[in-house]
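Biologist: I want to learn how to read aromatic contacts in a model. Please take me through them.

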Amino acid sequence: MKTSFRWYGAGDPVTLDKIAQIPGMHGIVSAVYDVPVGQVWPVERIESLKAQANEKGLAFEVVESVPVHEHIKMGAPDAGELSEAFAENLRRLAAAGVKVVCYNFMPVFDWLRSELARPLPDGSTALAYDESAVLAMDPSSSELSLPGWDESYTREEMRALLDAYKQIDAERLWENLGKFLRVVIPVCDEAGIRMAIHPDDPPWSLFGLPRVITGAKGYERLFALEPSDSNGITLCTGSLGADPSNDMIGIINKWPRKIHFVHARNILITGERQFREAAHPTDCGSLDMYGIVRALVRNGFDGYVRPDHGRMIWGETGKPGYGLYDRALGAAYLTGLWEGIVKTL
Ligand code: DNO
């Protein structure tokens, strides 16, 4: 396991120095955040991220995310050109030593939550999701923008986008994903870099927008589109786990070579389509974190794992889900779990 930590760049209050002090930390997960979606990242910017990480003894081998332009997802006339630009980004990242690129194919919205800071009995706060509260929001309003998102739209842009997606059902989205992968996967194979699609979060459709990467059925179809192992996944336990019918251990056992990146986090399911995020250990939530990590170890997984969203604890303030303390505790828990499982195999 290569333990990794998401870093939002120079403005992130969680500095590289702090990340480097977490025991067992292999590297950072980051991105060039200020180049508009669809444009190629300047080589100097990629190199600078790498240099900053390396200077602190951290690797920079995972990018999260290279965002996929909405025109690619909706199959607009410039989708081919935009996919070529994405492929050029992959070549540049591979040349800088990046091994894995996380991306998603969710129309319009990335991950969604209804609350950023739900107070928990122990005085900490956590992100939470309640479907009725989400559906009560106006999708074209700024209420629906989350601080961890890679981009946000103006109200007008959002309306136009939602309108354009009325033509796109799940089948069309699959077709467009297939076209995109046919451009980028051969480039990955050649350059030695792997694509790791992030599951839809939550793993079901919302606001009439299709979501297709929601569990085993979706993975079956995804892998059939491009059988190369470069066409792989980010196993995000918290995203997939929001749907209790997702058997994550089964997914790991079935497709171990397709898992290039793991987002390990726990959630507590509090009702039908309701959950709140929890501390990482198994006993704190609804997911069998031990079983998941054990399945990874047993299948010889040797890829990148990052603790995912943490609660806000010890009075920390910052980007919801992306503070230092609870994610660092998560990293330490995962490292211990890993060591214990490996040594008793
Ligand atoms: C949420 C993250 C996602 C993820 C993207 C990948 O915290 O897991 O925003 O980065 O969906 O493209």
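Modeller: Start with burial. This is a predicted model. Phe-86 and Tyr-103 are both buried.

Biologist: How many aromatic pairs does the structure hold?

Modeller: There are 14 aromatic pairs. Phe-86 and Tyr-103 make one that is edge-to-face, with 6.5 Å centre to centre and 70° between the planes.

Biologist: Which parts of the chain does that pair link?

Modeller: Distant ones. Phe-86 is in helix 4 (residues 79-95), while Tyr-103 is in strand 4 (residues 100-103), 17 residues apart. Phe-86 and Tyr-103 also belong to one aromatic cluster with Phe-105 and Phe-180.

Biologist: Why is the pair of Phe-223 and Trp-255 edge-to-face?

Modeller: Read the angle between the planes. Over 60 degrees counts as edge-to-face. The planes of Phe-223 and Trp-255 lie at 65°, with ring centres 5.3 Å apart, so this pair is edge-to-face.

Biologist: Where do Phe-223 and Trp-255 lie?

Modeller: Phe-223 is in helix 8 (residues 216-225). Trp-255 is in the loop between helix 10 (248-254) and strand 9 (259-264). The pair therefore ties together parts that are 32 residues apart in sequence.

Biologist: Does Phe-223 count as buried or exposed? What about Trp-255, buried or exposed?

Modeller: Check the relative accessibility. Buried means under 20%. Phe-223 has 7%, so Phe-223 counts as buried. Trp-255 has 11%, so Trp-255 is buried too.

Biologist: Which charged ends sit over rings?

Modeller: Take each lysine in turn. The charged end of Lys-2 sits over the ring of Tyr-304, 5.2 Å from the ring centre. The charged end of Lys-319 sits over the ring of Tyr-8, 4.3 Å from the centre of that ring.

Definitions and conventions: Residues numbered from 1 in each chain as written. Predicted model: local features only at pLDDT ≥ 70, side-chain atom pairs only at ≥ 80, totals over all residues. Heavy atoms only, no water. Phe/Tyr/Trp six-rings, centres within 6.5 Å; stacked < 30°, edge-to-face > 60°. Helix = DSSP H or I, 4+ residues; strand = E, 2+ residues; numbered from the N terminus. Buried < 20%, exposed > 50% of the residue type's maximum accessible area, 1.4 Å probe, protein only. Lys NZ or Arg CZ within 6 Å of the ring centre and 35° of its normal.
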